[in-house]
Amino acid sequence: MNTLPKIEAEITRLAAIVGASGYVLPTFGRTEDGARPHIEADAHGYHYVVVERGLELQRNTTRDLDELLYHVFKSVTFSLACDYECAHRIASQDSRRQLFARQIELLSSLSPAW
């Protein structure tokens, strides 16, 4: 099992590849609430957790670091793809086409398996 600092370092490294920073990235070991994801690590594994208004909305637990990273970057790349689509909108096209294509492009740049 990796420690939170090692997980944070790997997420920071991958975030630089896709140009992600700030609020789209999770926090580590604590929640900020407000639906911003955070990462926990304990004897049960790695946890990708989303808390909003004091309620836990999502918890994905795994012992596989690659799976944890996928959960993190599925969310991160979706946010980046939304921003990209808004800046490059094609009026005659369903916005989801461009959004999903961009998300797949970003995920693939991090891991072909994703």
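1. In relative accessible area, where buried means under 20%, exposed over 50% and partly exposed in between (1.4 Å probe, protein chains only), Cys82 counts as partly exposed at 23%, whereas Cys86 is exposed at 54%.

2. On the basis of the model: it is predicted, so that local features need pLDDT of at least 70 and side-chain atom pairs count only at pLDDT 80 or more, while totals for chains, interfaces and linings use all residues. Residues are numbered from 1 along each chain as its sequence is written, and side-chain values use heavy atoms, with hydrogens and water left out.

3. Helices (H or I, at least four residues) and strands (E, at least two) are DSSP runs numbered from the N terminus, and two strands pair if DSSP finds at least two bridges between them. Four strands form an open sheet of mixed pairing, in the order β1-β2-β3-β4. Its edge strands, each pairing on one side only, are β1 (27-28) and β4 (55-62).

4. Strand β2 (residues 38-42) pairs with strand β3 (residues 45-52) in the antiparallel sense over five bridges, and the two form a hairpin with two residues between them. Across this pair, Ile39 stands opposite Tyr48, and Ala41 has Tyr46 as its bridge partner. Helix α1 (residues 4-18) packs on the sheet and touches β1, β2 and β3, its direction making about 140° with that of β2; here contact means heavy atoms within 4.5 Å, and axes are lines fitted to C-alpha atoms, for helices over the stretch in contact, with angles from 0 to 180 degrees between N-to-C directions.

5. Strands β3 and β4 run antiparallel and are joined by seven bridges, one of which pairs His47 with Thr61 in β4. In their hairpin, which has two residues between the strands, Arg53 takes a positive phi near 50°. Seven of the eight residues of β3 are buried, so this strand is largely enclosed by the rest of the structure.

6. Thr77, in helix α2 (residues 65-87), is buried, with a relative accessible area of 0%. Leaving aside residues up to four places away in sequence, Thr77 touches Gln103, Leu106 and Leu107.
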